[in-house]
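Student: Please take me through the features of this model, giving the general idea of each one before the case at hand.

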Amino acid sequence: MLPSKLTILAAGIATVFASTAARAVDNETANVEDRHAMYFAANGTMQKFTVNEAGHAMMMKNARALAAGTIIYRSGGKFYLLEDKKMANGKMMFADMQSWTSDRLSVGTR
């Protein structure tokens, strides 16, 4: 993945952690403040950093916002985005999230 695409992805990651669709109730819960970003490298490492004025301007010009309730998932060396959506049964996809994770989740709470 090109560095510019990874930068755009990192800018949107903040939205994921701020969403209330799914929050782990253990030490995995994190808060991301404004103008903080995360860079996900192809090897799965993550770097957190604070964005200055120039970085903020670049992010706002080039990045796209993630929908609230987005999950970022890594498998086979790739990162995937999964957005909550209404399923054929009328339920929202993440309403049944507890059935497809072994972690304890607090869904829809802050």
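Student: Is arginine 35 buried, partly exposed or exposed?

Tutor: Relative accessible area decides that, with buried under 20%, exposed over 50% and partly exposed in between (1.4 Å probe, protein chains only). Arginine 35 has a relative accessibility of 33%, so it counts as partly exposed. Before we go on, note that this is a predicted model, in which local features need pLDDT of at least 70 and side-chain atom pairs count only at pLDDT 80 or more, whereas totals for chains, interfaces and linings use all residues. Residues are numbered from 1 along each chain as its sequence is written, and side-chain values use heavy atoms, leaving out hydrogens and water.

Student: Where in the chain is arginine 35 placed?

Tutor: Helices (H or I, at least four residues) and strands (E, at least two) are DSSP runs, numbered from the N terminus. Arginine 35 belongs to the loop between strand S1 (23-24) and S2.

Student: What is the phi of arginine 35?

Tutor: As background, most residues other than glycine have a negative phi. Arginine 35 has a positive value, near 65 degrees, and is a residue other than glycine.

Student: Which residue does arginine 35 meet in a salt bridge?

Tutor: The rule asks for a side-chain nitrogen of Lys or Arg within 4 Å of a carboxyl oxygen of Asp or Glu. Here the partner of arginine 35 is glutamate 53, at 2.6 Å from N to O. This pair links distant parts of the chain, 18 residues apart, with glutamate 53 in helix H2 (residues 53-62) and arginine 35 in the loop between S1 and S2. Glutamate 53 counts as exposed because its relative accessibility is 56%.

Student: How many salt bridges does a search of the whole structure find?

Tutor: The search finds two. Besides the pair of glutamate 53 and arginine 35, lysine 91 forms a salt bridge with aspartate 96, where the closest N and O atoms are 3.7 Å apart. Lysine 91 is partly exposed, because its relative accessible area is 43%, and aspartate 96 also counts as partly exposed, at 32%.

Student: Next come the strands. Over how many bridges do S2 and S3 pair, and in which sense?

Tutor: Two strands pair if DSSP finds at least two bridges between them. Strand S2 (residues 36-40) and strand S3 (residues 46-50) have five, in the antiparallel sense. Alanine 37 has phenylalanine 49 in S3 as its bridge partner. Five residues lie between the strands of this hairpin, where glycine 44 has a positive phi near 95 degrees.

Student: Where does the charged end of arginine 74 sit?

Tutor: A charge sits over a ring if NZ of Lys or CZ of Arg is within 6 Å of the ring centre and within 35 degrees of the ring normal. The charged end of arginine 74 sits over the ring of phenylalanine 79, at 5.7 Å from the centre.

Student: Back in strand S4, is threonine 70 buried or exposed?

Tutor: Threonine 70, placed in strand S4, counts as buried because its relative accessibility is 3%. A polar atom of its side chain lies 2.4 Å from the backbone oxygen of alanine 67.

Student: What does methionine 92 touch?

Tutor: Contact means heavy atoms within 4.5 Å. Setting aside its neighbours within four places in sequence, methionine 92 is in contact with Asp84, Lys85, Lys86 and Met87. Methionine 92 lies in the loop between S5 and strand S6 (105-106) and is partly exposed, at 36% relative accessibility.

Student: To finish, what does the secondary structure of the chain come to?

Tutor: It comes to two helices and six strands, and from the N terminus on the elements run α-β-β-β-α-β-β-β. The chain has 110 residues, of which 25% count as buried. Among contacts between residues at least 6 apart in sequence, 46% join residues at least 24 apart.

Terms used:
A polar contact is a pair of N or O atoms within 3.5 Å; within protein, one must be able to donate a hydrogen and the other to accept it, and residues adjacent in sequence count only if both atoms are side-chain atoms.
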